[in-house]
Amino acid sequence: MSQPEIFEKVISHCKEYGFVFPSSDIYGGLAAVYDYGQNGVELRNNLRQYWWKSMTQLNQNIVGIDAAIFMHPKIWKASGHVDGFNDPMIDNKDSKKRYRADVLLEDHQEKIRQKIEKEIDKAAKRFGETFDAALYRTTNPRVVEYQQKIDQIDATLKEGLETGNLAMIKQLIEDEGIVCPISGSKNWTDVRQFNLMYSTQMSALEGGEDQLYLRPETAQGIFVNFLNVQKTGRMKLPFGIAQTGKAFRNEIVARQFIMRMKEFEQMEMQFFVKPGTELDWYQHWKESRLKWHQSLGIKATNYRFHDHVKLAHYANAAVDIEYNFPFGFKEVEGIHSRTDFDLGKHEEFSGKKLRYFDPETNESFVPFVVETSIGLDRLFLLTLCEAYQEEEVDGDTRTVLKLHPAIAPVKAAILPLVKKDGLPELAEKIYNELRLDFNVYIEDKDSIGKRYRRMDAIGTPFCITIDHDSLEQGDVTVRYRDTMEQTRVKIEDLRNMLQNEVSITSLLKKLI
Ligand code: ATP
């Protein structure tokens with residue numbers, strides 16, 4: 001199966017098995033907005049819970065907060081979002097479609113890149129075993145010319161964005177002969193900056209201001225609560241504040257399913273440190289976060305770090321953790337050393353001191369911040385892309401989600417073999433005991449094979465089958481999702497067995 005085919009399958013699997021639905025489905029959906037279904041919400045809650053516990057429970061010096069989505073509008077002025085949180089947009093006058101100018105150019109570069117790969121494939125076939133692809137890339141005139149084109153586009157786009165010269169970006173789109181994918185025409189408007197924040201009104205705000213923003217990131221809620229938490233929690237540097245919650249961005253280019261949404265969830269942790277120690281902490285969090293990702297059983301080769309070459313003006317180091325999605329390596333999490341920019345700006349705009357008094361040196365200063373910021377929805381998507389598998393079993397295809405048991409939506413299915421002879425009653429008894437600790441499911445419809453397949457498709461790690469022997473011997477058959485092996489387990493041992501396998505503790509142990 002090709003990568004785009006796998007992605008299409010994951011998307012339809014999400015809808016078919018109650019993981020993700022388009023928002024407002026019966027009204028035709030709402031672009032780039034999604035709802036999580038009965039299985040999706042469990043998986044997502046488990047991922048969030050694992051993140052939360054790994055931050056606040058495993059680290060003595062990290063605590064959590066839950067700040068409101070509505071915040072004082074000055075916060076977004078201070079953070080730079082009102083003036084600088086923009087994407088360059090361009091409209092096609094014929095199709096009336098709006099595009100991100102940088103994305104049009106990136107797509108164009110991707111096409112050129114594909115031409116390079118085609119040339120290399122052709123040459124590899126022609127030259128056979130002796131072919132040196134790396135050498136060919138740097139010496140074949142056509143390939144070199146393509147690569148120069150890609151680099152030129154990068155350089156011009158970068159200059160245009162950095163100097164605010166949007167006419168230069170429009171010129172580049174025209175020079176490259178980029179057409180609208182819908183109308184096929186080159187009839188473009190000028191490029192304009194478009195702010196990504198959604199605004200709304202709130203009456204009776206001080207100073208006559210009434211325009212509010214839906215937060216485009218959760219981080220600011222942490223910065224403005226820095227002193228509240230530090231003082232009430234008697235926190236000593238270094239310490240962190242963690243938060244999960246919704247963020248909103250008016251993303252014009254909505255694509256790749258839940259990869260880029262207008263309403264999404266972030267899980268952010270801001271770690272406050274003494275100035276001068278930030279790069280050591282940055283290194284620490286970089287390693288620690290990658291380890292966290294890998295603890296979910298995701299292949300190490302599917303992750304990579306992508307260092308930011310061009311740093312935001314307030315950062316002195318920044319890296320993305322990227323995952324190899326079916327559509328290529330893309331950012332899932334950012335780790336940024338943000339210096340004292342955020343607290344410094346909030347001091348300036350609020351007029352309140354946001355300083356830490358160090359009892360050891362008797363000095364007060366604005367702490368530096370190292371941030372880890374991950375998108376829960378992107379994490380959800382990568383988890384599904386990684387887990388989704390189709391396997392041949394006895395001439396049949398089984399679709400299985402090989403999720404780590406600790407994040408699987410349903411932990412065990414309790415399945416009486418037949419609907420008579422007291423088996424449903426015993427199943428009910430086991431269900432009633434297990435449901436106190438685990439999300440378990442009981443079902444007596446259809447053949448056992450069909451029931452197994454349905455459970456495989458939602459990633460249920462264990463199926464517990466109750467048969468006639470169970471009544472006499474007090475044991476059941478436990479079927480393992482991944483190997484499909486079956487073993488007999490005493491009914492009284494089921495709880496412990498599940499506890500060991502499906503609790504988040506088993507994941508947390510991998511981190512220490
Ligand atoms: P991108 O470059 O992909 O737009 P970003 O650099 O703007 O992402 P950040 O502002 O660093 O993203 O946000 C932190 C994390 O939030 C990202 O790593 C990503 O996982 C998530 N995120 C950001 N925007 C979206 C979105 N529109 N939909 C879903 N998740 C998002």
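Trainee: Let me start with one side chain. Is Phe341 buried or exposed?

Mentor: Phe341 has a relative accessible area of 15%, so it counts as buried. The cut-off for buried is under 20%. Keep in mind that this is a predicted model.

Trainee: And Tyr314, what is its relative accessible area?

Mentor: For Tyr314 the value is 22%, so this residue is partly exposed.

Trainee: How many residues does the protein have, and what share of them counts as buried?

Mentor: The protein has 512 residues, and 49% of them count as buried. Its C-alpha trace spans about 80 × 70 × 50 Å along the principal axes. Look for 18 helices and 23 strands.

Trainee: Which strands are joined to S10 by bridges?

Mentor: S9, residues 239-248, is joined to S10 by 10 bridges, and the two run antiparallel. Find Phe248: its bridge partner in S10 is Glu263. Strand S16, residues 368-375, is joined to S10 by eight bridges, again antiparallel. There, Phe271 has Val370 of S16 as its bridge partner.

Trainee: Now aromatic rings. How many aromatic pairs does the structure hold?

Mentor: There are 19 aromatic pairs. Read two values for each: the distance between centres and the angle between planes. Planes over 60 degrees apart make a pair edge-to-face, and planes under 30 make it stacked. Tyr36 and Phe380 are 4.9 Å apart, centre to centre, with 75° between the planes, an edge-to-face pair.

Trainee: Which kind of pair do Tyr314 and Phe341 form?

Mentor: They are stacked, at 4.8 Å centre to centre with 25° between the planes. This pair also links distant parts of the chain, 27 residues apart. Tyr314 is in the loop between strand S11 (303-307) and S12, while Phe341 is in helix H12, residues 341-350. Rings can also gather into groups: ring pairs link Phe7, Tyr303, Tyr323, Phe325 and Phe327 into a cluster.

Trainee: Next, charges. How many salt bridges are there?

Mentor: The count is 38. Read the N to O distance, then ask where the partners lie. Asp342 and Arg338 meet at 2.8 Å, N to O. Both Asp342 and Arg338 are buried. Arg398 and Glu391 meet at 3.0 Å, N to O. Both Arg398 and Glu391 are buried too.

Trainee: Which residue does Glu433 bridge to, and is Glu433 buried or partly exposed?

Mentor: Glu433 forms a salt bridge with Lys429, with the closest N and O atoms 4.0 Å apart. Glu433 has 44% relative accessibility, so it counts as partly exposed. Both residues belong to helix H14 (residues 423-434); they are four residues apart, so about one helical turn separates them. Salt bridges can also share partners: Glu391, Arg398, Lys402, Asp456 and Arg479 are joined into one network this way.

Trainee: How do I read a pocket?

Mentor: Start with the idea. A probe the size of a water molecule is rolled over the atoms, and this shows where empty space is left. Here, the second largest pocket has a volume of about 470 Å³.

Trainee: Which residues lie nearest the centre of that second largest pocket?

Mentor: Lys299, Cys385, Glu386, Ala387 and Gln389 do, out of 23 lining residues. By type, the lining has 12 nonpolar, seven polar and four charged residues. Elements that supply at least two lining residues each include helix H1 (3-16), strand S12 (317-325), helix H13 (376-387) and strand S17 (388-393). H13 gives the most, with four residues.

Trainee: One last spot. Where is Glu159?

Mentor: In helix H7, residues 141-163. Its relative accessible area is 43%, so Glu159 is partly exposed. Now compare sequence and space: Glu159 and Ile169 are 10 residues apart in sequence, and their C-alpha atoms are 8.9 Å apart.

Notes: Residues are numbered from 1 along each chain as its sequence is written. Side-chain values use heavy atoms; hydrogens and water are left out. Two strands pair if DSSP finds at least two bridges between them. On a 1 Å grid over the protein atoms alone, a cavity is a set of points where a 1.4 Å probe fits but cannot get out, and a pocket is an open set with protein on both sides within 12 Å along at least five of seven lines; lining residues have an atom within 4 Å of a point. Grid points are joined across faces, edges and corners, and a volume is the space filled by probe spheres set on the points. Ala, Val, Leu, Ile, Met, Phe, Trp, Tyr, Cys and Pro count as nonpolar, Asp, Glu, Lys and Arg as charged, and the others, Gly among them, as polar. A salt bridge is a side-chain nitrogen of Lys or Arg within 4 Å of a carboxyl oxygen of Asp or Glu. Buried means under 20% relative accessible area, exposed over 50%, partly exposed in between (1.4 Å probe, protein chains only). Rings of Phe, Tyr and Trp (its six-membered ring) pair if their centres lie within 6.5 Å; planes under 30 degrees apart count as stacked, over 60 as edge-to-face and the rest as tilted.
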